[in-house]
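The structure is shown below.

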Amino acid sequence: MTAKEYLSQAKTLDMRINSKIQQLASLNDLALKATAVITGMPHNPNKGKSSMADTIDKIIDLQAEINRDIDTLVDLKKEIMETIKSVSGHEAQTVLEKRYLCFFSWEQIAVDMHYSIQYAYRIHDRALEEISERLKQES
């Protein structure tokens with residue numbers, strides 16, 4: 001795994017969490033649209049769960065999955081932060097934090113730090129080389 005792939009894991013996981021949150025919102029909307037049908041007929045006690053109960057089960061499972069993913073993301077960001085702190089130079093650390101922990105665009109990083117995009121790229125490339133060396137030493 002390259003340094004860039006290692007650092008990009010958090011963004012990928014964050015996007016997956018956001019996708020699951022959208023799925024959860026969709027399931028919640030679906031559950032709210034469901035209506036109960038009331039009839040005077042007795043129900044079969046051997047009949048399976050209702051579709052509403054199935055939807056609620058799916059919602060609960062998805063919420064648990066999202067919570068596990070969020071825990072993983074927090075741990076991953078902490079690990080990535082420790083790696084970023086090991087890079088020499090505060091400006092390099094800041095560029096890496098903004099890019100891989102805050103998920104800022106290159107344009108936003110350059111504006112925030114009052115750098116040209118090319119200079120932000122240069123800082124980034126040097127920092128990635130430093131992280132790559134550390135990753136090679138650890139393996």
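## Contact of α3 with α5

In this predicted model, Glu91, Ala92, Val95, Leu96 and Tyr100 of helix α3 meet Tyr119, Ala120, Ile123, His124, Ala127, Leu128 and Ile131 of helix α5. Contact here means heavy atoms within 4.5 Å. The residues of this contact comprise ten nonpolar, one polar and one charged; Ala, Val, Leu, Ile, Met, Phe, Trp, Tyr, Cys and Pro count as nonpolar, Asp, Glu, Lys and Arg as charged, and the others, Gly among them, as polar.

The axes of α3 (residues 90–100) and α5 (residues 117–138) come within 9 Å and cross at roughly 95 degrees, which means that α3 is roughly perpendicular to α5. Axes are lines fitted to C-alpha atoms, for helices over the stretch in contact, and angles between N-to-C directions run from 0 to 180 degrees. Angles under 35 degrees count as roughly parallel, over 145 as roughly antiparallel, 65 to 115 as roughly perpendicular and the rest as oblique.

## Histidine 124

Histidine 124 belongs to helix α5 and counts as buried because its relative accessibility is 4%. The classes are buried for under 20% relative accessible area, exposed for over 50% and partly exposed in between, with a 1.4 Å probe and protein chains only.

Not counting residues up to four places away in sequence, histidine 124 touches Val95, Leu96, Tyr100 and Trp106. With tyrosine 100 there is also a side-chain polar contact of 2.6 Å. A polar contact is a pair of N or O atoms within 3.5 Å; within protein, one must be able to donate a hydrogen and the other to accept it, and residues adjacent in sequence count only if both atoms are side-chain atoms.

## Pairing of α1 and α2

Helix α1 (residues 3–33) packs against helix α2 (residues 51–85) at an angle of about 160 degrees, and their axes are 9 Å apart. The two helices are therefore roughly antiparallel. The residues of their contact divide into 18 nonpolar, seven polar and eight charged.

Two lysines of α1 may be set side by side. Lysine 20, in α1, counts as buried at 10% relative accessibility; leaving aside neighbours within four places in sequence, lysine 20 is in contact with Leu62, Glu65, Ile66 and Asp69. Lysine 33, also in α1, counts as exposed at 66%. Its C-alpha atom is separated by 9.9 Å from that of methionine 52, 19 residues apart along the chain.

## Positive phi values in loops

Most residues other than glycine have a negative phi. Phenylalanine 103 has a positive phi near 65 degrees; this residue is found in the loop between α3 and α4 (106–113) and is partly exposed, with a relative accessible area of 22%. Histidine 114 has a positive phi of about 60 degrees. This histidine lies in the loop between α4 and α5 and is exposed, with a relative accessible area of 73%.

## Overall chain and basis

The protein chain has five helices and zero strands; helices (H or I, at least four residues) and strands (E, at least two) are DSSP runs, numbered from the N terminus. Of its 139 residues, 27% count as buried. Among contacts between residues at least 6 apart in sequence, 69% join residues at least 24 apart.

Residues are numbered from 1 along each chain as its sequence is written, and side-chain values use heavy atoms, with hydrogens and water left out. As the model is predicted, local features need pLDDT of at least 70 and side-chain atom pairs count only at pLDDT 80 or more, while totals for chains, interfaces and linings use all residues.
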